[in-house]
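Hello,

Here is the structure I promised to pass on. Have a look at it first, and then read my notes below.

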Amino acid sequence: MNSFFKYFSDIFHGVKSLLIGMSVTGRYFFSPGQIVTQQYPENRKNLQMFERFKGEVIMLHDGNNQHRCNGCGICENNCPNGSIEVIPVKVTGEDGKPKRIIDKHIYHLGMCTFCGLCVKNCPSNALGFGQEFEHAVFDRSKLTKVLNQPGSSIIKGVE
Amino acid sequence: MTFNIYDFTSFNRWIDEGLNSIMPPTWAMITEMAIIGIVFLLFYAVVGLFLVYAERKVCAFMQNRVGPNRVGPYGIFQTIADFIKLLMKELVYIKDSDKLLFNLAPFIVIIASFMALSAVPFAKGLHAIDLDIGILYVIAVSSLGVVGILLAGWSSNNKYSLIGAMRSGAQIVSYELSVGLSLLTIIVLAGTMQFSEIVEMQRNGWFIFKGHIPAIIAFIVFLVASTAETNRGPFDLAEAESELTAGFHTEYSGIKFAFFFLAEYMNMFLVASIAATVFWGGWMPFHVSGWAGFNTIMDYIPPFVWYIGKTAFIIWLMMLFKWTFPRLRIDQLLTLEWKYLLPINLVNILFMAFLVLMHWHF
């Protein structure tokens, strides 16, 4: 008798869960306002990418053209593809001691897989992800970028 | 000549008499057959192409996407472009395949769906052959398609194709029972197998309302079983993309693949139109007995529109199934049929027979 009731309750629960599923897809069908597809070339002017989007690795600069990178090279060591090269220089600081600062932070976009290990492992949070994604160029040498802007310096107190 | 969109009988008679007056009867008949053949060919191509487009659009909307929208306005020429592409593709010769059966298989599939389509009443008088055993004919002919699928799998010299074809065979053997029995439930109520009479009997109410509970159960069973019979998701084990690459049509390319593709969609159309005809009155407008004014207003809508509307709704339901439910495993498929649908169906037939005996239907 127990299995008899189980048979019918199985049918009932099965039909119920199927109807729940159908109501979900049916609701989507009748609400075209929920369409999430971006019609890219048409809406290029006002396309807003998401904050979590990994377009390219950038170095964050503030308004005074200052960044937080001290040239430690942890990002270079962490990069699995070798797409980052950090070139530091030694300068004499204000207190007269030799000091290591960054000369060029070279980033090869063509080799990058956007894994995010450099951004995650940066001890001073100097790197971040930009939302630019139109990277097509005619010459692959243009994919090699220098991330620290010309004339930029390190923010005091970060090193 | 009197062309009337509510009744095509006089139009047909006008063509028949016109042809008979200018040529001997034998030639007139051959010409009529050719005309009907061409009309069906065009109908088949247009509906098949449109259904592929509709399926892609419907599934896109159900997944919050846009769907094809580049070729023509709203992408309506997408399937025509796809079809031209398929026409121009190379027909790849498969090593060690059974050449004759390999080439024959798509034609068997497409001929089976063609033959079944001929018995469908589209409107009053718009009916290629009105057999007095119409339902039996459709059940018999539509299951011929599986022979083509089995041949395709067997002759391809490919293990995936063979597994797909065998699954399809097991599926058809089980679900054909449910399709037949659920239609039999309505035959018990109607007392006839002729499509034109079945439609005519629904003049004062469709069978789904006349037969109430058992008719609704039979409709649901028919919908599930016929979805399985047309090899559509969630019962698309025969071509399960994720397991068998493409199942029985893995090795087909170009126009032969297009034949399988078109036949699949036309089978869906066919099954939906059978369901619409048997359960929802076919081309018969929505009538409530006693409401004369309401019935006259409904009669103003042409029968063809009623037929297309009902068929489109059932096709939409089948698409909703496909894009909602995950694919069944082969043992789950057979459990559903033999442990659930078949017993329910048998009890349902008894129930319906009892109902008809006691005159408890409307």
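Helices here are DSSP runs of H or I with at least four residues, strands are runs of E with at least two, and both are numbered from the N terminus. This is a predicted model, where local features need pLDDT of at least 70, side-chain atom pairs count only at pLDDT 80 or more, and totals for chains, interfaces and linings use all residues. Residues are numbered from 1 along each chain as its sequence is written, while chains are lettered from A and ligands numbered from 1 in the order in which they are written.

Let's begin with Val52(B), which lies in helix 2 of chain B. Is Val52(B) buried or exposed? Val52(B) counts as buried because it has 21 C-beta neighbours inside 10 Å (20 or more is buried, 12 or fewer is exposed, and in between is partly exposed, with C-beta atoms placed from the backbone). The C-alpha atom of Val52(B) is 9.8 Å from that of Met266(B), although the two are 214 residues apart along the chain.

Now for two asparagines. Most residues other than glycine have a negative phi. Asn65(A), however, has a positive phi of about 60°, and Asn64(B) has a positive phi near 60°. Asn65(A) sits in the loop between strand 1 (56-59) and strand 2 (66-67) of chain A, and its 12 C-beta neighbours inside 10 Å make it exposed. Asn64(B) is in the loop between helix 2 and helix 3 (78-88) of chain B; with 15 such neighbours inside 10 Å, Asn64(B) counts as partly exposed.

Happy exploring!
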